[in-house]
Amino acid sequence: ASSLAISEPNPAWFGNPPNKSGDPTWTNGNWLKSRFHLSFAEYHDPARTQYGVLRVLNDDLVQPSRGFGTHPHANMEIATIILSGALTHQDSMGSKETLSRGGVQFMSAASGVQHSEHNLSPTEPLRFLQIWITPRVRGGPPAYGGHSGRSSERHNKFDELVADKMNKTSKAPVRINSDASIHVAEVEGGRSVSWSLPAGRQAYLVVAEGASWTMTVQGGEEASEHSTSCCRMGRHDGCRLFGPATFEWQCSEESSGFLVLIEMARSEERRVGKECRSRWS
């Protein structure tokens, strides 16, 4: 988390009035606080331009009565996972929907679409992960979809919310035009969840909530088949995962947690070593 770029842009850039002063409902001094896991907007790190088909992963905190005014997108599969508050989407296709915690909004920008995203609550902040995935092919008609999420399915296990349209066996409610899938898990304190990556696959894991996690890795490309290693993770941390290996995340007893995992085909990129760090902190 300490190496993520943090952006707090001018409110006028997205059609917002000036920031409020002394409003007790605001949890941040600026209308928006974005944490960039990959290069985006004013932030560029050659070591973090893209990860497989994952092009953008932004952790956004939007204050009450603020949002992103109408703006265009093209040739990108965009999925938004809502973590808290309520996100209202409206676009040039006539779609309008509001979703809350655990929900997912999807937009296939394709040949071009315009949309807006707002936190219409006068008192509650909004937090979400915005995920951009490179499509299999460019162009075509744009599309929108949304799902309110499945709290029972993500309770102490991973639930697949987004899947490749070519995957005929998946029961994910949202489908995209790319070889990638998005899974979420809401984990009680003291409980754990696991994930197995086969050879030829990779994933990116975000600790959206939970102050303390223990990640255990069984196997891995730099270890023998039966070796095990572990590390600690916390809120806002991200991790690149490579198969073949099995991963387990145990949440500390003190609080519950929320994980988001994006799986995709293995790319030819080399891993970022300890010497590679963002110039932002």
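The entries below go through these topics in turn.

**Basis.** I am working with a predicted model, in which local features need pLDDT of at least 70 and side-chain atom pairs count only at pLDDT 80 or more, while totals for chains, interfaces and linings use all residues. Residues are numbered from 1 along each chain as its sequence is written, and side-chain values use heavy atoms, with hydrogens and water left out.

**Salt bridges.** I took a salt bridge to be a side-chain nitrogen of Lys or Arg within 4 Å of a carboxyl oxygen of Asp or Glu, and by this rule I count eleven salt bridges. For burial I used relative accessible area with a 1.4 Å probe and protein chains only, calling a residue buried under 20%, exposed over 50%, and partly exposed in between.

I looked up Arg 150 and found a salt bridge to Asp 159, with 2.7 Å between the closest N and O atoms. Arg 150 is partly exposed at 24% relative accessibility, whereas Asp 159 is buried at 6%.

I then turned to Lys 157, whose side chain meets that of Glu 153 in a salt bridge at 3.9 Å, N to O. Lys 157 has a relative accessible area of 39% and is partly exposed, and Glu 153, at 35%, is partly exposed as well.

For Glu 188 I noted a salt bridge with Arg 191 at 3.6 Å, N to O; Glu 188 is partly exposed at 35%, and Arg 191 is partly exposed at 42%. I also recorded a network of salt bridges that links Arg 101, Arg 154, Glu 186 and Glu 209.

**Strand E19.** Helices (H or I, at least four residues) and strands (E, at least two) are DSSP runs numbered from the N terminus, and two strands pair if DSSP finds at least two bridges between them. Strand E16 (residues 201-209) runs antiparallel to E19, and five bridges join the two; in one of these pairings, Val 206 has Gly 238 of E19 as its bridge partner. I noted that E19 (residues 238-242) is largely enclosed by the rest of the structure, because four of its five residues are buried.

**Cysteines.** How many disulfides does the structure hold? I found zero disulfides, a disulfide being a pair of cysteine sulfur atoms within 2.5 Å. The sulfur of Cys 239 has its closest cysteine sulfur in Cys 231, at 5.9 Å, which is too far for a bond, and Cys 239 is buried at 16% relative accessibility. For Cys 251 the closest cysteine sulfur is also in Cys 231, at 14 Å and again too far for a bond, and Cys 251 is buried at 2%.
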